[in-house]
Amino acid sequence: MLSERSAAVVGATAGVVAEHAVEITAAFYPRMFAAHPELLHLFNQGNQATGEQRQALAAAVVAYAGHLLGGSGPSFAPVLRRIAHKHVSLGVRPEQYTIVGQHLLAAVGEVLGDAVTREVHDAWDEVYWLFATALIAEEGRISQRVGADPQRVWRPWRVTARTAATAEVVSFDLVPAGPEPLPTYLAGQYISVAVDLPGGGRQARQYSLSRAPGAGSLRITVRRVPGAGGAPAGVVSSHLHDQVKVGDILDVSPPTGDVTLATGADPLVLISAGIGVTPMIAMLGHTARLQPERPVVAVHADRSPDHHALRSEMIEIGALLRDFHLHTWYESGAGSSTAAGIGRAAGVGSARGAAGTARGESRHTGALDLDAVPLPDGARAYLCGPLPFLRDARAGLLRRGVPAQRIRYEIFGPDLWAGAPA
Ligand SMILES: Cc1cc2nc3c(=O)[nH]c(=O)nc-3n(C[C@H](O)[C@H](O)[C@H](O)COP(=O)(O)OP(=O)(O)OC[C@H]3O[C@@H](n4cnc5c(N)ncnc54)[C@H](O)[C@@H]3O)c2cc1C
Ligand code: HEM
């Protein structure tokens, strides 16, 4: 808890810090990288270039100060958990908090100048260390649970299969190259993959595990990020697509991630767009294997059926469920089809209908319209896709009466939506 003395100072200065938070974090990263160039490889340089990481850090610090001051916002626990899982995945170590703290506080001084008296400095230092100790504790717990050694988080894994999912998406099957057993994981979790780039430098990225736990390998499914509008092509996805073949070794960290399938029998609604399908396939497969009676509605939006990665797998897994409905929205090439459930109750002999539609698939042209999807009562929803898609889908679910606590989302980048109002 924040001391009474600091609470008064933080309360009085929170507004000005919030107003300048992105400026502060923008000053923080270059300072820290100049003093510690060895940290450059740890941070996603794409997120540095686009400014997303500085926004995420600024939003988190402001939200945490509000939480300490007893603000009425949504619970801070999920925000903290998300950051901690990401940190563990990247091997962030407790001693590195001193470096971040030193440069973050220095950046506050640099941006706010004389307004940062000794008293103000000390009060925000206290905020920082309360946040840091909460994260270090959570990261310790997660590391212990997943068997991660923060001093040696990266282990060599061998690529055992490489499969094209669409023209732009490739799946890689991975197994430990050493004697370690395959780790267990929860549907919805991700690993980080670190690669040495051809031009020098090293970068890590997260990839959701795109298959249910229980197979003899882990699988990731990677979309190639093209260059567009003057922005360069994605470095790690391009490297994986262009360079990595069967037999190659990749540095991989243990599975982590807080957006995982809740146990229980309540119906599931899995909503994804584009490559956001990957955690949904793991959740769907896990449900088909262990709870085939559990009703599932899968909703997916994509450019066309041909761009829909793992589409046929989704249909095949759906056919193992008793009560499965698939709703697809394609910008083009949708045709039309509507029929009953795809699951065994619908008598799947041939899961295919006309024009490549699956039996029981409701296909639509255009952008996702959740109002057209019959939702089961008491559903629990999982979302994954770009931020505007997530916002619309979440708003649609709330309108339809799904409570905020039953909606979880995964974002394939820094969470710029943390603390969204219920
Ligand atoms: C939890 C999680 C799970 C994920 N799961 C998956 C998954 O299952 N499958 C998948 O494909 N991806 C997934 N991702 C996304 C993945 O981690 C990478 O972000 C993605 O592959 C892009 O990485 P990259 O190195 O290819 O692109 P980067 O090089 O990081 O580039 C990203 C974007 O930044 C832009 N950019 C880079 N530098 C600049 C610059 N100087 N100026 C302007 N713009 C710039 C690029 O043009 C590009 O649009 C996941 C992410 C997270 C956080
Ligand atoms: C109190 C201190 C810290 C706070 C509040 C904080 C906050 C955050 C936040 C909000 C994110 C984005 C999470 C997301 O993906 O949504 C993040 C990611 C990250 N953090 Fe921290 N962090 C702290 C300390 C550290 C330390 C000590 C290190 C190691 C030097 C570190 C390294 C990273 C890295 C490498 C990422 C991923 C960056 C990216 O993908 O662009 N953080 N952190």
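## Shell around ligand 2

Ligand 2 is surrounded by 24 residues, counted when a heavy atom lies within 4 Å. The closest are Asn47, Arg82, Lys86, His87 and Asp415. The model is predicted: local features need pLDDT of at least 70, side-chain atom pairs count only at pLDDT 80 or more, and totals for chains, interfaces and linings use all residues. Residues are numbered from 1 along each chain as its sequence is written, chains are lettered from A and ligands numbered from 1 in the order written, and side-chain values use heavy atoms, without hydrogens and water.

The shell holds 15 nonpolar, six polar and three charged residues. Here Ala, Val, Leu, Ile, Met, Phe, Trp, Tyr, Cys and Pro are nonpolar, Asp, Glu, Lys and Arg charged, and the others, Gly among them, polar.

His87 sits in helix H5 (residues 77–90); helices are DSSP runs of H or I with at least four residues.

Polar contacts pair N or O atoms within 3.5 Å. Oxygen atoms of ligand 2 lie 2.8 Å from the Arg82 side chain, 2.9 Å from that of Asn47 and 3.4 Å from that of Gln53. Helices H4 (52–68), H5, H6 (96–112) and H7 (118–146) each give two or more shell residues. H5 gives the most, five.

## Domains 2 and 3

An automatic or database assignment gives domain 1 (4–146), domain 2 (155–252) and domain 3 (268–410). The C-alpha centres of domains 2 and 3 are 25 Å apart.

Conventions: A polar contact is a pair of N or O atoms within 3.5 Å; within protein, one must be able to donate a hydrogen and the other to accept it, and residues adjacent in sequence count only if both atoms are side-chain atoms.
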